[in-house]
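Here is a friendly note to read alongside the model. Please keep the viewer open and find each place as you go.

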Amino acid sequence: MKLSRTEQRRLEAIRRLGILDTPPEERFERLTRIAQRFYRVPTALFTVVDEERQWFKSRQGLEVDETPRSIAFCDHAIKRDTVFIVEDATKDPRFRHNPLVTGEDHIRFYAGMPVREPSGYKIGTLCIIDTEPRKVPEFELDVLRSLASLIEDEIERAYLSVHREEYVSLSQLTRAIHRAQNIFLTHDDETAAFELMLSDLLALTGSQFGFIGEVLQRDNGDRFLKVGAITNIAWSAETEALYQEVKRRGMVFDNPHNLIGASLESGQMVLSNDFTSDPRRGGLPEGHPQITTYLGIPIFAGHSLIGLVGLANRAGGYSEALADELDPLLQTVGQLIERKQLYREKLEHKQSLERAANYDALTGLPNRRRLTEIFEEELVEADRRNGLVSVCFIDLDGFKEINDEFGHAVGDIVLRVVAERLQESVREHDIIARLGGDEFVAILRDVNEDKVYHRILESVRQPVSHRQHNLQLSCSMGVTVYPEDNADPDLLLRHADQAMYAAKESGKNQYHRFDLDTHVSRKEKLRILDQVPQALEDSQLELFLQPRMDLQSNTVAGFEALIRWQHPTQGLLGPIEFLPYLEYTEYADAIGRFVMKDAINKLRHWHQAGLPWSISINLSPSHFLSSGFEEDLAEALDGCDETIRGKLILELLETTALDDSDTVIKRLQACRSIGVDLALDDFGTGYSSLDYFRRLPVQEIKIDRSFVTDMLSDEEDQMVVGAIIDLSENFHRRVVAEGIEDADTRDRLLEMGCHVAQGYFWARPMPADEAMAWAKRFTREK
């Protein structure tokens, strides 16, 4: 068959290269190894397609040197300008009868990128082969393209070596920078990125060996180098095994008495063109090939030394001019190292925030938030194995006296000792958590025995030695057992808490079991539901007001409305004493309508009196999610102008916002469309993602009081508060802090950027008339 003129010229170009039937070369072996490892395939090849055959210049995972061209997948690939892919050869009519598919080679997947010689003819491919069908995302093929480009650079460098000058080819440098930037922008595999950059540096400079590393510091300030990529040289069987072992656990250079150490200590470029006589030589493993020349180039971010590139064994040696020409590519190396460090810092910061949010800073035990997660998991596992979960609520006896007599520092020591003793008194898979103060919880798996509960009591009862004192304390403990007490985690804790108080009333230093037979929660709910209609009819419900303060101007910014029940026989009842029983009943909506109507009437009155105050109200979760909420709100606001509407703030619990995200967002958007403001209450106690937080159309974030109360004494609480303030500022949300009880906390919040707050430091919730009088008095005295 007569060959086309193009094919004749292509074959002539292959012969001019002199590459056919030559031994394997490390410069190509390195690149096919990277391809094999990155794509996790059994076979990776650099092929050359001759007139009658396909010959393998570099092969990984294949024994034969060549195959007939007539059956070569690569013969199809060189006819393309982009990557040629066969996802499943058995389903491709071009290959399903191919002996490489039907025979013992069992090829199923193929991807090949054409490789060109310097004049532009496609001589072969870099290809990867798998015995299983597979799909490769388009962005991952960039690595195959980059590796094929490196092969082309190596071919060009060898071809032009007889005319080589002492500078880097501009075209090669440009392509190397493009590859580095492409990898930098599209891949998270840092090892592969470093190895590709190192291959470029070796090809550009004609170096035999090299490494890229990140400069880090030990606690004492000494610098060391953690290697990200290094030339893989099989010096001997022993040194190759050592290399692979060190590569797996991470290679570190910290010897200051060699050329690498000289760069680390001085931060200066190190150039040695006579390595054998250089007094700084050394540090090479036994069996390493001889080093003749070396160039060490430090990588900086600003004034900080963050990385080091080392190159060795360049024919003719190295020069400062050569290092200068590499600078554009080295800047990309620096960007990759910076990105790696930034990712590590963000990860550490995230872990720190997660620990602050989930673990008690003093004892290291899970806190209430983390306990809730673990508790739910334990109940699910108990259901699967038909097992038990014992819930023990533990409160220390006599702890207040120790705090008062010896101070909080000693009290903290006692709490840490108690935490350790409680952990030692239970099994490894049991859970001890600290709720706060001197309250602890033990969650015990498949245990309901008196001796176990007595062991916990005894562990706390032992004296705590501090200096010359033996501090005496004990604990009272309440116990309830699931599934006998078939309740959710919150109610189980409440039941155990009730049993703990029974233990204290019985004389302390003992435990008490929760008695389901005497539990009156259901009866209490029915009793309250029976009385609510009369309470609404007789106006027994009332909105108390707590001032919201502008910390910058030290003025009253508005009020939060908090419902109270003036019960005819029980006196004043707080919301916790009746609202939970009304949730998800018809009365939740009725109470919600009353609160909205009363709050808006107050706004009308203030507006007429020329008072600029806002009012915030708490939304019932079930009322907010009900189909009639929007109509109820619109009816309450009927006749109000934009000024009054803009002074109404609806507060929604963060946990409610997570229940039905689509409904919540639509409902919030509807509220915004009629001009009212929205607040996310108790922020920090839920589990909302950053993306969900971004999408919530709220104008205000209220930091939960559990983080604010102890922030001056608890560094992690203060870190959480600061993070919430920064997050709110970045998303242009107002931030309000609850639970301020002293001037120091107020001042610290103002320093951190929180401008609105409320708490007992100013005033407790008051009847409306008292709140108005208080506000006028505060304004006069200010």
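Predicted model: local features only at pLDDT ≥ 70, side-chain atom pairs only at ≥ 80, totals over all residues.

1. Residues are numbered from 1 along each chain as its sequence is written, and side-chain values use heavy atoms, with hydrogens and water left out.

2. Now the overall picture. The protein chain contains 29 helices and 28 strands; these are DSSP runs numbered from the N terminus, with at least four residues (H or I) for a helix and at least two (E) for a strand. Of the 782 residues in the protein chain, 51% are buried. Among contacts (heavy atoms within 4.5 Å) with a separation of 6 or more, 64% join residues 24 or more positions apart.

3. Next, look at an open sheet. Its 6 strands run in the order S9-S8-S7-S12-S11-S10, with antiparallel pairing. Strands S9 and S10 are at the edges with a single partner strand each, so one side of each has no neighbour in the sheet. Two strands count as paired if DSSP finds at least two bridges between them; S7 and S12 have 7 bridges in the antiparallel sense.

4. Is helix H9 largely enclosed or left open? Of its 8 residues (259-266), 6 are buried, so the rest of the structure largely encloses H9. Those buried residues are Leu 259, Ile 260, Gly 261, Ala 262, Ser 263 and Leu 264. Their cover includes strands S7 (207-217), S8 (223-230), S9 (252-253), S10 (270-272), S11 (294-301) and S12 (304-314). After H9 comes Gly 267, with a positive phi near 70 degrees.

5. Some backbone angles deserve a look. Most residues other than glycine have a negative phi, and most peptide bonds are trans. His 106, not a glycine, has a positive phi of about 60 degrees. His 106 sits in the loop between helix H4 (99-102) and strand S5 (109-116) and is partly exposed at 35% relative accessibility. Asn 313 also has a positive phi of about 60 degrees, but this residue belongs to strand S12 and is buried, with a relative accessible area of 8%. The peptide bond from Tyr 482 to Pro 483 is cis, with omega near 10 degrees; Pro 483 is in the loop between strand S18 (474-482) and helix H16 (489-505).

6. Which residues line the largest cavity? They are Gly 592, Val 595, Met 596, Ile 617, Asn 618, Leu 619, Ser 620 and His 623. Helix H19 (586-608) and strand S23 (614-618) each supply at least two of the lining residues, and H19 gives the largest share, 3 residues.

7. Glu 716 lies in helix H27 (residues 715-730) and is partly exposed, with a relative accessible area of 23%. Glu 716 and Asp 360 are 356 residues apart along the chain, while their C-alpha atoms are separated by 8.8 Å.

Technical notes:
Buried < 20%, exposed > 50% of the residue type's maximum accessible area, 1.4 Å probe, protein only. 1 Å grid on protein atoms, 1.4 Å probe; cavity = no way out; pocket = protein on both sides within 12 Å on 5 of 7 lines; lining within 4 Å.
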